[in-house]
Amino acid sequence: MNKFTIVSSIILCLAVSGAVQAKSKYTQEFIKYFSVCRPYTEAKYNVAYNSHDTYTIKGYAPDGSGRCIYVETNEWQRGKYVTTCLFSPKEHQEYFRAMLNPDVKTSVLIKGMAFVDAHENAVYLKYYNNPKVCRTERK
């Protein structure tokens, strides 16, 4: 066998086993809980921004609207910022699908302007910049 065949076989085996996957900012466990809006929290250090980030699923809004409450906290040199999002069922599913395919290039409209980025990031920024969905406070 030549080297190309061996390398191709290894990559195919890893891809089938799930060892090669797109990189989400969330763990697979978090994504599993997010899919059903079940309370869950995870925290990590973000090297790129020198920040401590906490991702929290609070569960469904108590008002019966079916909205999923998600809170993201970012602490870094410029302070602590808490973003609270209330995703409608449609928005929740869109963001969940983006988590499953985080690196696929996607175009979204943000305040009437087209924005292209990795799928997960683009969808999050779409809602982050929509005050009807997400609000950020400095703490």
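# Questions about a predicted model

Q: Is F30 buried or exposed?
A: In this predicted model, a residue counts as buried when its relative accessible area is under 20%. The relative accessible area of F30 is 0%. That value falls under the cut-off, so F30 is buried.

Q: Which residues does F30 touch, not counting residues up to four places away in sequence?
A: Let's look at who surrounds this phenylalanine. Contact here means heavy atoms within 4.5 Å. With residues up to four places away in sequence set aside, F30 touches Y40, E42, Y55, T56, I57, Y70 and M99.

Q: How many aromatic pairs are there?
A: Two rings pair if their centres lie within 6.5 Å. Counting by that rule gives 18 aromatic pairs.

Q: Is the pair of F87 and Y127 stacked or edge-to-face?
A: The ring centres of F87 and Y127 are 5.7 Å apart, with their planes at 75°. An angle over 60 degrees counts as edge-to-face. So this pair is edge-to-face.

Q: How many residues apart in sequence are the parts that F87 and Y127 tie together?
A: F87 lies in strand β4 (residues 79-87), while Y127 lies in helix α4 (residues 119-128). Both count as buried, F87 at 0% and Y127 at 6% relative accessible area. The pair ties together parts whose separation in sequence is 40 residues.

Q: The charged end of K25 sits over which ring?
A: Ring pairs link a cluster whose members include Y26, F30, Y70, F87, Y124 and Y127. The charged end of K25 is 4.4 Å from the centre of one ring, and that ring belongs to Y124.

Q: Which residues of the largest nonpolar core touch the most other members?
A: This core has 21 residues. Helices α2, α3 (89-100) and α4 and strands β2, β3 and β4 each supply at least two of its residues. Nonpolar side chains tend to be buried together in soluble globular proteins. In this core, the residues that touch the most other members are Y26, F30, F34, Y70, F87 and Y95.

Q: The side chain of T56 makes a polar contact with the side chain of which residue?
A: T56 is in strand β2 (residues 51-60) and counts as buried at 13% relative accessibility. Apart from residues up to four places away in sequence, T56 touches several residues, among them F30, T41 and Y70. The polar contact, at 3.3 Å, joins its side chain to that of T41.

Q: Which strand is the place of T73?
A: T73 is buried, with 14% relative accessible area. Leaving aside neighbours within four places in sequence, T73 has contacts that include H52, D53 and K80. The strand that holds T73 covers residues 68-76 and is β3.

Q: How far apart in space are C85 and K132, C-alpha to C-alpha?
A: C85 is found in strand β4 and is buried at 0% relative accessibility. Among its contacts outside the four places on either side in sequence are C68, V133 and C134. C85 and K132 are 47 residues apart in sequence, and their C-alpha atoms are separated in space by 8.7 Å.

Q: What is the phi of C37?
A: Most residues other than glycine have a negative phi. C37 is in the loop between α2 and β1 (40-46), and is buried with a relative accessible area of 3%. C37 is not a glycine, yet its phi is positive, at about 50°.

Q: What pattern does the protein chain follow, read along the sequence?
A: Let's finish with the whole chain. The protein chain has 139 residues, of which 35% count as buried. The protein chain holds 4 helices and 7 strands. Read along the sequence, the pattern is α-α-β-β-β-β-α-β-β-α-β.

Methods. Residues are numbered from 1 along each chain as its sequence is written. This is a predicted model: local features need pLDDT of at least 70, side-chain atom pairs count only at pLDDT 80 or more; totals for chains, interfaces and linings use all residues. Side-chain values use heavy atoms; hydrogens and water are left out. Rings of Phe, Tyr and Trp (its six-membered ring) pair if their centres lie within 6.5 Å; planes under 30 degrees apart count as stacked, over 60 as edge-to-face and the rest as tilted. Buried means under 20% relative accessible area, exposed over 50%, partly exposed in between (1.4 Å probe, protein chains only). A charge sits over a ring if NZ of Lys or CZ of Arg is within 6 Å of the ring centre and within 35 degrees of the ring normal. A polar contact is a pair of N or O atoms within 3.5 Å; within protein, one must be able to donate a hydrogen and the other to accept it, and residues adjacent in sequence count only if both atoms are side-chain atoms. A nonpolar core is a set of buried Ala, Val, Leu, Ile, Met, Phe, Trp, Tyr and Cys residues joined through side-chain atoms within 4.5 Å.
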